[in-house]
Amino acid sequence: LPPAKMATTKLVVILATLIGAAFGSVSPFAMPAPPLPKQTAIQAQVLASATTRAAADHSAGMAELMTMLNSSVLTEILTDLDDGTDLQSLSADELLSRLETEMNVAELVHAFGLHSDGN
């Protein structure tokens, strides 16, 4: 991967870990999940439950996420992983903006091998 893409990938991994801690693995972003070509009843139920929880927990989770993005621990991690892109010097708002951009265009992957046709 080119250095800029590698740095973005590292940032997404780090921030996804932080989001998992803050939101119990429920995405805080307002974009709805895209429709899935095939979805089991259990998958639909889990998605509906996660969407409801995310809406209820959004404000508190965003406050906690911003605290994490402002933390010296994250700055240290980004400094250790720095490949010349200087992500550690970005503000929490800039990191959040980058994360939102990445999350909104990330490929949705689910149910590998569940169906014989690969869906």
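A polar contact is a pair of N or O atoms within 3.5 Å; within protein, one must be able to donate a hydrogen and the other to accept it, and residues adjacent in sequence count only if both atoms are side-chain atoms. The legends below describe a predicted model, in which local features need pLDDT of at least 70 and side-chain atom pairs count only at pLDDT 80 or more, while totals for chains, interfaces and linings use all residues. Residues are numbered from 1 along each chain as its sequence is written, and side-chain values use heavy atoms, with hydrogens and water left out.

**View 1. Overall fold of the protein chain.** The protein chain has four helices and zero strands, in the order α-α-α-α along the sequence. Helices (H or I, at least four residues) and strands (E, at least two) are DSSP runs, numbered from the N terminus. Of the 119 residues in the protein chain, 23% are buried. Buried means under 20% relative accessible area, exposed over 50%, and partly exposed in between (1.4 Å probe, protein chains only).

View 2. Helix α2 covers residues 41–69, which is 29 residues. Its end C-alpha atoms are only 36 Å apart, short of the 42 Å that a straight helix would reach at 1.5 Å a residue; the expected span is 1.5 Å times one less than the number of residues. At H58, α2 bends by about 65°, the bend being the angle between axes fitted to the seven residues ending at a residue and the seven starting there. The buried residues of α2 are A54, G61, M62, L65, M66, M68 and L69. An α-helix has 3.6 residues a turn, so residues three or four places apart point the same way.

View 3. N70 lies in the loop between α2 and α3. N70 counts as exposed because its relative accessibility is 55%. The C-alpha atoms of N70 and D93 are separated by 9.1 Å, although the two residues are 23 apart along the chain.

**View 4. Nonpolar surface patch.** V73, I77 and L81 form a nonpolar patch on the surface, with about 230 Å² of accessible area together. L81 is in the loop between α3 (72–80) and α4 (92–105), and counts as partly exposed because its relative accessibility is 36%. Patches are made of residues with over 30% relative accessible area and no salt bridge, with like charges joined within 9 Å and nonpolar side chains (Val, Leu, Ile, Met, Phe, Trp, Tyr) within 5 Å. A salt bridge is a side-chain nitrogen of Lys or Arg within 4 Å of a carboxyl oxygen of Asp or Glu. Accessible areas come from the Shrake-Rupley method with a 1.4 Å probe; for residues, only the protein chains shown count as cover.

**View 5. D86 and S89 in the loop between α3 and α4****.** The side chain of S89 reaches the backbone oxygen of D86 at 2.8 Å. S89 is partly exposed at 48% relative accessibility, and D86 is partly exposed at 35%. Phi of D86 is near 60°, a positive value in a residue other than glycine. Most residues other than glycine have a negative phi. The C-alpha atoms of S89 and T75, 14 residues apart along the chain, are separated by 7.8 Å.
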